[in-house]
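Subject: Structure for your files

Dear colleague,

Below is the structure I said I would pass on. My notes on what was found in it follow directly after.

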Amino acid sequence: MPKTSARLLSLLSLLQARRDWPGGLLAERLDVSPRTVRRDIDRLRELGYPVLAFKGPDGGYRLDAGADLPPLLFDDEQAVALAVALRTATTTGAGIEDAAARALNTVRQVMPARLRHRVDALHVTAVERPETRTGPPADSNVLMTLSAAVHAHDVLRFDYAAGSAHAGSARTVDDTIALPPRQVQPHHLVTWGGRWYLVAWDLDREDWRTFRVDRITPRTPTGPRFTPRDLPGGDVAAFIAGRFRGADGAGEWPCRGEVILGLPAAAVSPYARDGVVEELGPDRCRLVLGSWSWPALAAAFGSFDAEMTVIGPPELKDAFAHLARRYAAAAAGGRDRSS
């Protein structure tokens with residue numbers, strides 16, 4: 001029979017592996033008597049593990065959630081995965097950086113040397129993409145409140161703070177407007193560009209809205225339960241991408257244009273993002289792109305640094321003319337006063 005301490009660890013590992021364990025099966029797996037299993041269960045309870053007994057043909061045990069957090073048992077892969085997740089927590093924007101650092105230190109202290117070396121070898125530096133907007137992190141308590149409302153299908157009431165307007169705000173993303181308290185049916189909690197957003201059906205506006213979590217102050221209590229409605233398109237990732245393109249949910253850019261570039265399609269495709277590239281010859285291709293605005297779209301086409309012919313629409317040609325005047329003025333050291 002294994003020593004008591006080793007047997008307790010084995011028993012705890014089994015209890016964490018599945019929800020319900022018949023007492024006879026536990027005794028068989030540990031190669032001990034059912035009486036020994038009962039004594040070991042009592043020892044785990046004394047250590048703070050909430051092990052419940054359930055009735056049945058054979059009777060059994062279940063590791064339940066408790067009021068306090070007792071010591072946890074992880075295998076090697078789980079311990080390394082936990083450490084990696086904690087070390088990369090600074091990229092989530094969830095406002096848990098300090099807590100994650102303390103948790104990582106706690107986990108590291110109880111790791112065997114072979115695992116500490118693996119974890120210590122991992123060094124991560126969070127680098128934001130240049131276009132990613134910076135802002136205050138989301139409050140972890142607010143995230144938990146919103147997540148609970150999403151999970152329970154409870155109507156949510158909250159105050160929404162005003163923000164400074166910025167270029168490229170989507171009409172359907174309430175990112176800049178201060179409004180009275182909102183009442184919504186919360187559906188999804190998502191991250192985009194290093195920020196957290198709540199996707200919800202606005203009961204007052206009878207439309208889908210996307211709210212920045214760092215500007216939400218929940219009100220209590222929550223409202224009545226609701227039956228979730230279907231999200232347009234059925235896919236939250238596609239819905240969010242479409243909303244941040246300024247679309248009405250169909251996933252299209254508000255500005256879309258077409259040019260012929262003096263470059264082979266193979267040279268353009270890797271940099272066309274979600275554009276469409278059509279080969280027209282060994283050194284010519286048709287490129288269709290979308291963007292927030294016509295000047296931004298013209299600049300995107302210009303980034304390929306090639307001869308081009310604008311197919312349309314007229315707004316795109318006007319944008320090229322506008323940028324040409326602005327760039328000419330910049331080259332001359334002056335200022336374009338036509339805008």
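The side chains of Arg205 and Asp202 meet in a salt bridge, at 3.4 Å from N to O; a salt bridge here is a side-chain nitrogen of Lys or Arg within 4 Å of a carboxyl oxygen of Asp or Glu. Arg205 is partly exposed at 31% relative accessibility, whereas Asp202 is buried at 0%. For these words, buried means under 20% relative accessible area, exposed over 50%, and partly exposed in between, with a 1.4 Å probe and protein chains only.

This is a predicted model, in which local features need pLDDT of at least 70 and side-chain atom pairs count only at pLDDT 80 or more, while totals for chains, interfaces and linings use all residues. Residues are numbered from 1 along each chain as its sequence is written, and side-chain values use heavy atoms, with hydrogens and water left out.

Asp202 also forms a salt bridge with Arg182, where the closest N and O atoms are 2.8 Å apart. That pair links distant parts of the chain, with Asp202 in strand S7 (residues 195-202) and Arg182 in strand S6 (residues 179-192), 20 residues apart. Both Asp202 and Arg182 are buried. Helices (H or I, at least four residues) and strands (E, at least two) are DSSP runs, numbered from the N terminus.

A search of the whole structure finds 11 salt bridges. Another of them joins Arg43 to Asp40, with 2.6 Å between the closest N and O atoms. These two residues both lie in helix H3 (residues 34-46), 3 residues apart, or about one turn of the helix. Arg43 is partly exposed, with a relative accessible area of 31%; Asp40 is buried at 0%. Arg7 sits in helix H1 (residues 4-17) and is buried, with a relative accessible area of 4%. Its side chain is joined to that of Asp40 by a polar contact of 2.5 Å. A polar contact is a pair of N or O atoms within 3.5 Å; within protein, one must be able to donate a hydrogen and the other to accept it, and residues adjacent in sequence count only if both atoms are side-chain atoms. Salt bridges that share partners join Arg7, Asp40 and Arg43 into one network.

Next, the sheet towards the end of the numbering. An open sheet is formed by 4 strands in the order S11-S12-S10-S13, with antiparallel pairing; two strands pair if DSSP finds at least two bridges between them. Strands S11 (276-281) and S13 (308-312) are the edge strands, each pairing on one side only. From one strand to the next the twist averages 25°. S10 (residues 255-261) and S13 pair in the antiparallel sense over 4 bridges, and Val259 has Val310 in S13 as its bridge partner.

Two helices lie across this sheet. Helix H10 (residues 294-302) lies across S10, S12 (284-291) and S13, running at about 25° to S10. Helix H11 (residues 314-331) lies across S10 and S13, at about 140° to S13. Axes are lines fitted to C-alpha atoms, for helices over the stretch in contact, and angles run from 0 to 180 degrees between N-to-C directions. Ala299 is in H10 and is partly exposed at 34% relative accessibility. Leaving aside residues up to four places away in sequence, Ala299 touches Leu323 and Tyr327; contact means heavy atoms within 4.5 Å.

Some backbone points deserve a look. Most residues other than glycine have a negative phi, and most peptide bonds are trans. The peptide bond from Thr220 to Pro221 is cis, with omega near 0°, and Pro221 lies in the loop between strand S9 (216-219) and helix H8 (236-244). Gly312 and Pro313 are also joined by a cis peptide bond, with omega about 5°; Pro313 is in the loop between S13 and H11. Asp31 has a positive phi, near 60°, and is exposed at 66% relative accessibility. Glu206, in the loop between S7 and strand S8 (207-212), has a positive phi near 50°.

For the chain as a whole, the secondary structure comes to 11 helices and 13 strands. Buried residues make up 33% of the 339 residues.

Regards
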